[in-house]
Amino acid sequence: IWEKIWRAWVYVVTGKGGSTPAGSDVMVGANISEWFVKVDADTFLFPENLSRHVKARNWSYNDHHYFGHVLHHRVKDRGVPIVAGAAVFFSRATLLAAADSFQKMPMENGNEEDDGTCGDAFTSTEEVVTAICLKEHSNIIAEPTIDSQGREEISLIEVDDIIVYNRTAMGEWWYWEGKKRFPCHD
């Protein structure tokens with residue numbers, strides 16, 4: 001899945017898949033849109049919520065923003081928090097940086113599992129390699145989509161289930177790892 005994801009981001013910027021020849025400056029979709037999102041097929045997306053989130057933080061698409069539901073369970077082995085793949089958001093500046101890093105990353109190990117570096121790899125954990133590439137090449141770190149009361153604005157779990165999650169009762173499993181504790185979690 002990783003190759004499909006990185007090639008899609010490169011295509012949005014260049015109009016081509018994979019490595020782009022030197023001197024090519026197409027920037028197809030990146031000149032038209034300000035914010036970009038990758039969602040899973042079973043994800044519901046309300047664009048007005050994205051707009052509200054961005055406006056509430058006074059963010060500009062010309063600044064680096066890589067955001068969504070942030071998970072910290074891969075920090076120990078890969079050194080980066082990740083945005084869970086259900087909904088991954090990029091500002092235009094971040095998309096351009098990501099596409100640039102994807103085009104420059106090593107391609108020779110595409111048939112091997114990811115090794116914790118920015119490179120083509122045989123992996124289904126595109127979230128991890130995306131986060132690694134953004135950090136390695138542009139020092140861009142995942143930003144969580146939580147409101148001022150600590151509530152996640154992107155749910156990875158069915159709403160009926162997430163409403164009854166109790167952090168104290170459930171214990172500190174990977175979902176909670178590294179997340180700030182808010183009253184709404186208990």
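**Figure 1. The whole chain, element by element.** Reading from the N terminus, the elements of the chain follow the order α-β-α-β-α-β-α-α-β-α-α. That makes 7 helices and 4 strands, where helices (H or I, at least four residues) and strands (E, at least two) are DSSP runs numbered from the N terminus. Please keep in mind that this is a predicted model, in which local features need pLDDT of at least 70 and side-chain atom pairs count only at pLDDT 80 or more, while totals for chains, interfaces and linings use all residues. Residues are numbered from 1 along each chain as its sequence is written, and side-chain values use heavy atoms, with hydrogens and water left out.

**Figure 2. Overall dimensions and surface.** The C-alpha trace of the chain spans about 55 × 35 × 30 Å along its principal axes. A compact globule of 186 residues would have a radius of gyration near 16 Å, and the chain agrees with its 17 Å; the radius is taken over C-alpha atoms, and the globule rule is 2.2 Å times the number of residues to the power 0.38. Of the 186 residues, 42% count as buried, meaning under 20% relative accessible area, with exposed over 50% and partly exposed in between (1.4 Å probe, protein chains only).

Figure 3. Buried in α1 are W2, I5, W6, W9, V10, V13 and T14. Because they cover an arc of only 150 degrees around the axis, they lie on the same side of α1; the arc is that of the directions from the helix axis to the C-beta atoms. Their packing partners are β1 (35–39), β3 (82–91), α4 (92–104) and α5 (126–138). Just after α1, G15 adopts a positive phi of about 80 degrees.

Figure 4. V37 counts as partly exposed because its relative accessibility is 32%. Leaving aside residues up to four places away in sequence, V37 touches W9, L45, V88 and F89, where contact means heavy atoms within 4.5 Å.
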